[in-house]
Amino acid sequence: SNPFEVKVNRQKFNILGRKTKNDVGLPGVSRSKAIKKRTQTLLKEYKEKDKSNVFKDKRFGEYDTKLSPEEKMIKRFTLERQQNFGKKNIYDLNEDEELTHYGQSLAEIEKLNDIIDSDSDTEERGALSAELTAAHFGGGGGLLRKKVSSGQEAEEEEKPKSRKELIEELIAKSKQEKQERQTRRESALELTEKLDNDWKEIQTLMARKTPKSEKKDKEEKPKPDEYDMIVRELGFEMKAKPSDRMKTEEELAKEEQARLQKLEADRLRRMRGIDEQETKKKTKHMSADDLADGFILDKDDRRLLSYKDGKMNIEKEEEEEEEEGGNEEGNENEEENEEENIENEEESEEESATDDEEGVDTDNHSDLESDLESEEEAIGNKEQKNQKSNENKSQNMKEQDLKMEAARSELPYTFAVPESYEKFKSLLTGRTIEQQLIILERIQKCNHPSLAVGNKTKLEKLFGFLLEYIGELATLDLPELKTINKLVLPLYDLCQMFPETASDSIKFVLRDAAHDMAEIIEVKGRATFPGLDTLIYLKITSLLFPTSDFWHPVVTPAFIYMSQLLTKCRITTLQDVVKGLFICCLFLEYVSLSKRFVPELINFLLGILYISLPKKQAQGYTVVHPFTPVGKNLELLLVCDKKDLESWQKQNLPLSIVTRLKESSRTEMNHIRLSCLALCFDLIKKSAALYGSLPSFHEIMHPVRVLLTQHVPVSEYPERMQEWYRSALKELENKVKHYPPLVCEKKKPVPLKQYTPKIVKVLEFGKKQGGSKKEQERKRLIHKHKREFKGAVREIRKDNQFLARMQLSEIMERDAARKRKVKELLSSLATQEGEWKAMKRKKRKN
């Protein structure tokens with residue numbers, strides 16, 4: 001080793017009793033040892049990972065400590081002799097035993113001495129001889145015995161028996177034992193039968209039968225327990241049967257479309273006067289030779305046989321028959337009416353024919369017996385019958401005309417989606433509310449998106465048409481608010497089917513309204529409240545979309561637009577007051593769940609209270625835009641007439657009142673002003689209940705409280721108005737008590753500086769702090785666990801790196817061998833190609 005590569009770890013101070021390790025060493029010695037150890041252990045396990053070769057030591061007694069070595073050797077020797085016993089004599093050909101064939105020695109057979117012919121001898125002797133049986137059926141018995149000469153008969157008796165003799169004795173012995181078992185079994189059966197018969201004879205003498213009445217008295221069955229009864233009832237209960245599968249939306253839409261198409265076909269048939277019975281196929285005449293080759297079974301009428309409580313279950317059959325009977329009765333009634341008419345006609349014709357025939361007969365045979373009175377009666381009966389048939393015909397014609405007119409007046413059952421708004425409007429104009437709803441429902445059902453590819457785009461247009469139609473109904477001189485209220489339901493259904501289209505349509509309407517307001521502000525400097533259609537659109541927005549979301553693509557723009565209306569639109573007329581209060585109601589509805597604070601709402605309610613006060617009482621209070629402290633609209637809601645105040649009653653303010661304010665009288669106007677003020681008190685109460693949980697509630701509602709307590713002339717209002725005022729003020733005062741005004745937080749006083757020294761324990765670096773023995777032991781174990789854990793992680797990481805290097809080396813070796821073989825193949829192919837080209841050149845030269 002190079003002395004310059006030796007690493008020396010020097011210490012600054014020599015400490016007595018401290019053992020030092022690895023003070024001097026080569027840089028790669030420890031690493032080479034670790035790699036050598038891993039190659040002997042880890043690499044060996046990696047190479048033998050997928051191999052299953054195992055050496056098992058099956059020597060007898062090898063791991064038995066109780067046996068001595070001599071006993072082990074003796075036992076192994078005996079087992080070896082037992083395994084080889086019997087095989088050596090059969091397959092060892094070096095012994096002196098003779099080879100036989102069919103019990104005869106091969107040496108004698110080769111000499112051809114005394115060969116027995118079985119065919120000739122059997123005829124003379126009549127049975128198989130012992131020699132022949134020994135020759136043909138001797139088997140391998142000759143292998144175990146040796147041939148004896150005639151002079152050694154005495155010695156044969158002393159020798160052991162042959163295999164054949166042993167088998168014959170064994171067979172005879174088994175037969176004898178079987179016979180003995182059979183005899184014993186038969187004797188045992190005979191004895192048991194005899195014993196049974198004797199016991200029956202004795203039993204008849206000993207037994208005495210008791211009557212049934214005594215048996216019933218003696219053998220009283222115990223009453224079953226409630227638990228047992230419940231268990232038995234559960235056993236006899238009907239098991240739950242699987243219900244029918246719920247149909248998908250597509251299946252329901254297809255069924256509804258088929259139903260409506262069928263109803264429409266029936267309506268068209270009735271409108272054209274085509275009778276349903278005439279369209280049915282009439283029964284054809286069938287001859288006796290008809291084989292019914294064209295018969296088709298439309299319906300399988302077979303029924304499954306079932307029993308219930310021991311009886312055949314025929315309830316379902318009776319119900320089906322009743323239903324069929326009911327349908328047939330309805331058809332039969334119609335058929336009977338027609339048949340009666342036909343029969344009346346036929347009877348009238350037959351009677352006329354019979355009358356003619358009778359007349360001929362009487363002329364031929366009984367001219368003298370004919371009477372004028374009988375002829376007159378016959379003529380009168382004939383005329384009556386003809387008159388009845390004509391009346392029936394006319395009545396049937398009238399009924400048919402009535403049916404046709406009723407069918408024409410009915411609504412069609414199938415509708416196509418209108419392509420333009422004009423066609424859509426023509427479908428609904430002139431119809432009642434119920435008819436309009438039916439038309440919209442049938443349009444949706446007949447053109448469901450699952451029925452055809454283009455139905456989705458058509459129904460998306462239908463939402464826009466319906467929204468425009470609602471706006472047009474709101475702009476009429478007498479707005480049809482009830483119709484609009486009913487039409488919101490199909491609008492909601494379409495919104496659920498196509499939410500993106502609905503949101504785009506509502507956003508387009510709100511965007512146009514906001515642009516119109518911005519243009520008016522640029523031109524005139526002030527804006528006016530929108531029409532009734534825009535207010536209804538804002539109401540519909542809260543019904544179609546969720547208003548409690550923090551941000552929504554439709555509700556958020558509507559929220560902003562309403563706040564702009566309350567801040568930028570000036571109050572000049574009573575109509576503006578009604579519209580503004582409606583927007584305030586919408587605001588409270590929007591924020592009822594989210595409880596979002598709307599300052600524009602509180603500001604507008606303050607302005608409504610301000611314009612209801614006299615000018616003298618309103619002084620000293622500042623009002624915020626859009627309300628002004630001066631001008632002709634300062635006392636817009638002030639009512640001075642005592643008669644109007646006394647005659648006022650609380651009433652709701654419908655939106656349709658906006659269009660009727662110009663035509664109303666002075667008393668009605670005053671009543672509307674008082675209703676607006678009462679609504680303002682109610683909105684203040686709801687706002688206090690909604691925002692009562694806010695910490696800044698006192699500051700928010702303080703101006704409202706000042707106006708209500710100091711400026712509003714309560715004594716001049718009617719009693720009902722005073723009740724509204726007190727409920728609003730009470731709600732404000734209750735909420736104010738719970739939330740005191742904000743106060744600065746109290747801080748802990750800062751202590752004065754003192755000059756006493758502060759003793760701080762100094763922690764010496766590298767030394768362990770004292771403590772109890774348990775604590776020291778615990779820290780020592782924790783430190784040891786961390787150290788061992790880090791060492792284990794380090795060793796595992798090194799093992800993985802070692803295995804990765806080994807795998808990479810194997811891959812590199814395989815790639816190198818493959819490249820070498822490929823290069824050899826390419827070189828051999830190149831030599832072959834060169835030889836082939838050389839041969840080709842030689843052939844060309846030759």
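Cys584 is buried, with a relative accessible area of 0%. This is a predicted model, and there are zero disulfides anywhere in it.

**Cysteines**

- A disulfide is a covalent bond between the sulfur atoms of two cysteines.
- Cys584 doesn't make one, because the closest cysteine sulfur, in Cys585, sits 7.0 Å away, too far for a bond; the cut-off for a disulfide is 2.5 Å.
- Cys680 is in no disulfide either: the nearest cysteine sulfur is that of Cys584, 8.0 Å away.
- Like Cys584, Cys680 is buried, at a relative accessible area of 0%.

- Helix α28 covers residues 666–690, which makes 25 residues.
- From its first C-alpha to its last, α28 reaches 36 Å, close to the 36 Å expected at 1.5 Å a residue.
- The rest of the structure largely encloses α28, because 18 of its 25 residues are buried.
- The largest nonpolar core has 114 residues, and the ones with the most contacts inside it are Val577, Ile684 and Leu708.
- Looking past residues up to four places away in sequence, Ile684 touches Leu605, Leu609, Met701, Val704, Leu708, Ala728 and Leu732.

**Leu538 in helix α22**

- You'll find Leu538 in helix α22, which runs over residues 532–544.
- Leu538 is buried, with a relative accessible area of 0%.
- Leaving out residues up to four places away in sequence, Leu538 touches Leu510, Ala558, Tyr561, Met562, Leu565, Leu586 and Tyr590.
- Take one of those partners, Met562: Leu538 and Met562 are 24 residues apart in sequence, and their C-alphas are 8.4 Å apart in space.

**Asn447 in a loop**

- Asn447 belongs to the loop between α18 (433–446) and α19 (455–474).
- Is Asn447 buried or exposed? At 9% relative accessibility, Asn447 counts as buried, because the cut-off for that is under 20%.
- A polar atom of the Asn447 side chain lies 3.0 Å from the backbone oxygen of Phe415.
- Phe415 also turns up among the residues Asn447 touches, together with Ala416, Val417, Asn455 and Leu459, again not counting residues up to four places away in sequence.

Terms used:
Residues numbered from 1 in each chain as written. Predicted model: local features only at pLDDT ≥ 70, side-chain atom pairs only at ≥ 80, totals over all residues. Heavy atoms only, no water. Buried < 20%, exposed > 50% of the residue type's maximum accessible area, 1.4 Å probe, protein only. Helix = DSSP H or I, 4+ residues; strand = E, 2+ residues; numbered from the N terminus. Polar contact = N/O pair within 3.5 Å; in protein donor to acceptor, adjacent residues only side chain to side chain. Contact = heavy atoms within 4.5 Å. Expected span 1.5 Å × (residues − 1). Core = buried A, V, L, I, M, F, W, Y, C linked by side-chain atoms within 4.5 Å.
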